[in-house]
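Keep it short and grouped by topic.

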Amino acid sequence: MGSIPAFPAFPAVKSSLAPEPRDRPAINPGKLDGAACSGSSSLSAAGGSAGVSDTTKKKIVTGDAGYILEDVPHFSDYIPNLPSYPNPLQDNPSYSVVKQYFVHVDDSVPQKIVVHKDSPRGIHFRRAGPRQQVYFEADDVQACIVTCGGLCPGLNTVIREIVCGLHHMYGVKRVLGIDGGYRGFYARNTIPLTPKVVNDIHKRGGTILGTSRGGHDTKKIVDSIQDRGINQVYIIGGDGTQRGASLIFEEVRRRGLKVAVAGIPKTIDNDVPVIDKSFGFDTAVEEAQRAINAAHVEAESIENGIGVVKLMGRNSGFIAMYATLASRDVDCCLIPESPFFLEGAGGLFEYIEKRLKENGHMVLVIAEGAGQELMSKSIQSLDNGKDASGNKLLQDVGLWISQKIKDHFSQQGKMTINLKYIDPTYMIRAIPSIASDNVYCTLLAQSVVHGTMAGYTGFTSGLVNGRQTYIPFYRITEKQNNVVITDRMWARLLSSTNQPSFWSPKEVIEDKRQEEPPTELLVDQDCAEDDLVGIGKGTG
């Protein structure tokens, strides 16, 4: 890949110990797009109440052959004449044998990797990793870490690796934990974090820092950051939390503070856009297997047994879809993205009766956000409102559909059924992360530490096409990632379960016309590969 025209090129690094010119972006790189980014003007999902104007500017660099770099902010964008220092990693014995350890200034990662021969190079993100020049000296750093929103496997691992990464790689000794989410900045005490304190926390579920929803007050938070002398802020949370982080960054920049604000995306539902997958997702799918297996054992051990399992998935059915594909014991999977109906030809009840006649038992997996419209029609319920994070409060679809199935077969009188309902939701999100997620959490944490030390700010660290990258906040918060039910991965699930799509052919054709491209990776649907890649992208 050629060099980005906007950045000064320099000779290739011969070793990790070789000196290199300062690695900092130009203040006005390439053709800088100053248009305000699209996004909500309020912070309802982060718990804020007052409307705020969206002042975030897109920092875009263009190059040859349709190359676009959606870059992240840097201290040098708004603080002039800022000194930089040699990266202490060049003297770290752990990295002395690593060739070209420092990331080249021009390294970037493409958002789309499946292209045609005439396709433009498209959107790229800055590659994560250590730079030869840093903008903090270890003794001057006062870092803090905060966890917000619901629990997710891997939170403690991320906390541990940020603390250990700062300490062991960069010599940073002062790291604070913010107790209890965003409101902890101005309402609670801090927790001193050292490698000794966090040594074995990755073996536990939850978060040692505590968490909460809402409580975001930008001015109070930034005032607290200033008062405590904090200059690195690591924020772990979902899309609402990242919107809050973006507002904190904007206020920090408005005040001209040398404070790096960085996010680590967290959502067990895997609904964060752009990135390959969220940490904790693999663990959730693995643990969901236990519930599905229990439901299958119960169902097959009794005549006309039905096992119903409710899994997480408020708006996105990735956990339910991947757990179903992994299990091979599921006869029907229902997710928020795929409407279904109960009665009549082609409906759920007819399918259940068919499976019971064929196999004598069946297992049904349903995501918590599925069937909410059907519930509203059949239950004259009031609007349940929203939680402190701005998420709509959902009714228990697992209990509802279990009762509807019982009522249907009771009224029909044709067949006696035995239904067992299992809801492992809080068991899944409270467990420690498995090996693959622990490794992923380590990469995320170290990448975000390298970025803040190098002077980048206003970004989220995430995996894109298997590479760690720095992504602007606005790309993480602009939409949610959903299963695309006209894409191949959902077709694989239908093939595995042999369940009906519950859609008429006319509806499928109409949906394909209106649907966005099936995945962040592909230009069009015909490019989809047949192997299992791109977890969380809704495609193969």
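Predicted model: local features only at pLDDT ≥ 70, side-chain atom pairs only at ≥ 80, totals over all residues.

Residues are numbered from 1 along each chain as its sequence is written, and side-chain values use heavy atoms, without hydrogens and water.

**Helix H3 against helix H4**

- Helices are DSSP runs of H or I with at least four residues, strands are E runs of at least two, and both are numbered from the N terminus.
- H3 (residues 218-228) and H4 (residues 239-254) have axes that come within 10 Å and cross at roughly 60°.
- That makes H3 oblique to H4 (under 35 degrees is roughly parallel, over 145 roughly antiparallel, 65 to 115 roughly perpendicular, the rest oblique).
- Axes are lines fitted to C-alpha atoms, for helices over the stretch in contact, with angles from 0 to 180 degrees between N-to-C directions.
- Thr218, Ile221, Val222 and Ile225 of H3 meet Leu247, Ile248, Glu251 and Val252 of H4 (contact is heavy atoms within 4.5 Å).
- Six residues of this contact are nonpolar, one is polar and one is charged.

**Strand S10**

- S10 (residues 232-237) is mostly covered, with six of its six residues buried (under 20% relative accessible area, 1.4 Å probe, protein chains only).
- Gln232, Tyr234 and Ile236 point one way from S10, while Val233, Ile235 and Gly237 point the other way.

**Strand partners of S10**

- S7 (residues 143-147) pairs with S10 in the parallel sense over five bridges (pairing takes at least two DSSP bridges).
- Alanine 143 stands opposite glutamine 232 of S10.
- S11 (residues 260-265) runs parallel to S10, joined by six bridges.
- Glycine 237 has proline 265 in S11 as its bridge partner.

Key. Nonpolar A, V, L, I, M, F, W, Y, C, P; charged D, E, K, R; others polar. Buried < 20%, exposed > 50% of the residue type's maximum accessible area, 1.4 Å probe, protein only.
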